[in-house]
Amino acid sequence: MSERIVIAGAGLAGLRAAERLRELGFDGEVVVLGAEPDIAYHRPALSKQLLVGAVSRADTLLADPLEVDAEWRFGTPVTGLSPNRQVVHLRDEELHYDGLIIATGVEPRRLPGAPHGHPRVVVVRTLADTIALQRALGTNPGPVAVIGDGFIGCEVASSLREMNREVVLFGRERSLLADVLGPDIGDWLTALHTARGVHLELGTTIRRWRPARTHVGLEFADGRALEVACVVVAVGSVPAVSWLRGAKLPLDDGVVCGPTCHVVGSSTIVAAGDVARWPNLRFDPTPQREEHWLNAVEMSRAAAQNLLAGPQGSPAYTPVPRYWSEQHGVRIQVAGRPALATDTVLLESPVPGTRPITGFVRQGRLVGLIGLDSPAAVLHWTAELARQHPAPAEPPPEVRPRHRTGAVAGH
C-alpha cells in the first residue's frame with residue numbers, strides 16, 4: 001500500500017509543502033485539509049490591494065488545485081488528532097497518515113466585550129472577512145474605527161485613507177508598532193499616520209458598544225462617544241491549535257518543534273508556518289514563532305523535506321527572517337531579529353543619495369535591521385547579517401529516501 005502524508009491546513013504553508021513533497025519525488029498519497037472554501041491566496045493583499053479594489057478576489061489565489069498532485073479537501077477543518085494511532089479526526093471521518101504536516105496557521109484574537117458576529121464588527125483574516133468589510137463600507141460612508149495598532153491595524157488604516165475614508169485608529173501604546181520597530185521608528189510611523197489623516201486614539205479604551213443595523217456606537221472610558229460605519233478588530237492572533245487539545249503534543253504559543261521542524265517527541269509529525277514555534281539556531285536557541293509570509297513559504301518546504309528525511313538526517317531550519325509592510329506608500333522592510341538588540345546604529349546605504357537604515361546590535365554584532373523605502377540597502381545589509389550569523393554546521397549528509405517518509409523507511 002502507498003504511504004499517505006496528510007497536510008492539515010490548505011493555506012500558503014500547506015500549498016508549498018504539497019508542492020515540495022512532489023518536487024522531492026514522494027509518490028504516495030498527499031491529502032490537504034483546509035477549513036476555508038478556497039485554495040491558498042495572497043493573504044497580505046487582504047488589508048491592502050484587495051481592500052482598496054486594486055485586485056479582484058480571483059487575482060489573490062495562488063494556484064489551481066489541479067496543478068498540484070494532491071487530494072484537496074476544502075471546507076474540511078481538522079477536529080482532532082490521535083498521534084499514537086497516526087489518525088487525524090475530521091467531523092465524520094478518521095484519516096490515517098504515515099506523515100503529518102501541521103500548517104493550520106493562526107486565527108484572530110477576539111476582543112473581550114466586542115460584539116463579534118455583528119456584520120459591522122469584522123476582522124481581516126480571510127477572503128470572506130475582507131468581502132464583509134467591503135460590504136459594510138459600501139452601505140455607510142461614515143468613519144471607520146480600527147482597533148489594534150499592529151501591522152494589520154496600521155495597514156487597514158492606511159488602505160482606508162487611500163479610499164478617502166475617515167479613520168479612527170485605537171492603540172494601547174503611545175506610538176505605533178514601537179514594540180516591534182523600536183521607539184524612534186515607532187514615533188516616525190505615528191507622525192506619518194497623523195500626517196495622512198488618521199485620527200489616533202492611543203491609550204483610549206472602549207467602555208460600551210452599541211451596535212445597530214446601519215452603524216456601531218462606541219462609548220469611551222472618558223465619557224466621549226463616537227458613531228462609525230463599522231469597526232475593524234485587529235488585536236493580534238493566536239495559533240490555531242484548539243484541534244490539538246488532548247493529543248499530548250507540546251503546545252506553548254503554537255506547536256513546539258525542534259530545530260528540524262519535527263514536533264518535539266515525534267518523528268512522523270512536522271509543523272510549519274504561523275502555527276509552529278521552533279528554535280532558529282542561527283540567532284537564538286529559544287523557540288519563537290514567525291507570523292510572516294516568507295517564513296510560511298520557506299518553513300513549509302523545509303518541513304516537507306525533513307519529514308521525508310526523518311529527524312536524524314535533517315538539517316536545522318535556520319532562515320534569516322525577512323518581512324515587510326506598506327503603509328501610506330512607504331515600504332517598511334525588516335530582517336533578522338531586532339527584538340534581540342540592546343542598541344541601534346545607522347547603517348549607510350550602498351546606493352549614494354538614498355536614506356540609511358537602522359541596524360539593531362547586540363554584543364557588537366548586527367542582529368536585525370529596518371529600512372524605510374531602502375530596498376538596496378536592506379538587501380546589502382541582510383547579506384551582512386547572514387554573514388555575521390552563519391547557519392550552524394549541519395550533520396553529515398545521509399541517503400535520503402525519495403519515496404518513503406523517513407519515519408517509516410527505517411522500519
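**The FAD/NAD(P)-binding span**

An unreviewed UniProt entry gives the annotation "domain: FAD/NAD(P)-binding" to residues 4-298; UniProt positions follow the numbering used here, feature names are shortened, and annotations may be inferred rather than shown by experiment. The model is predicted, with local features needing pLDDT of at least 70 and side-chain atom pairs counted only at pLDDT 80 or more, while totals for chains, interfaces and linings use all residues. Residues are numbered from 1 along each chain as its sequence is written, and side-chain values use heavy atoms, leaving out hydrogens and water.

Residues 4-298 are 23% helix and 26% strand, where helices (H or I, at least four residues) and strands (E, at least two) are DSSP runs numbered from the N terminus. The end C-alpha atoms of this span lie 22 Å apart.

The protein as a whole has ten helices and 26 strands. Its C-alpha trace spans about 70 × 55 × 35 Å along the principal axes. Of the 411 residues, 55% count as buried (under 20% relative accessible area, with exposed over 50% and partly exposed in between; 1.4 Å probe, protein chains only). Among contacts (heavy atoms within 4.5 Å) with a separation of 6 or more, 62% join residues 24 or more positions apart.
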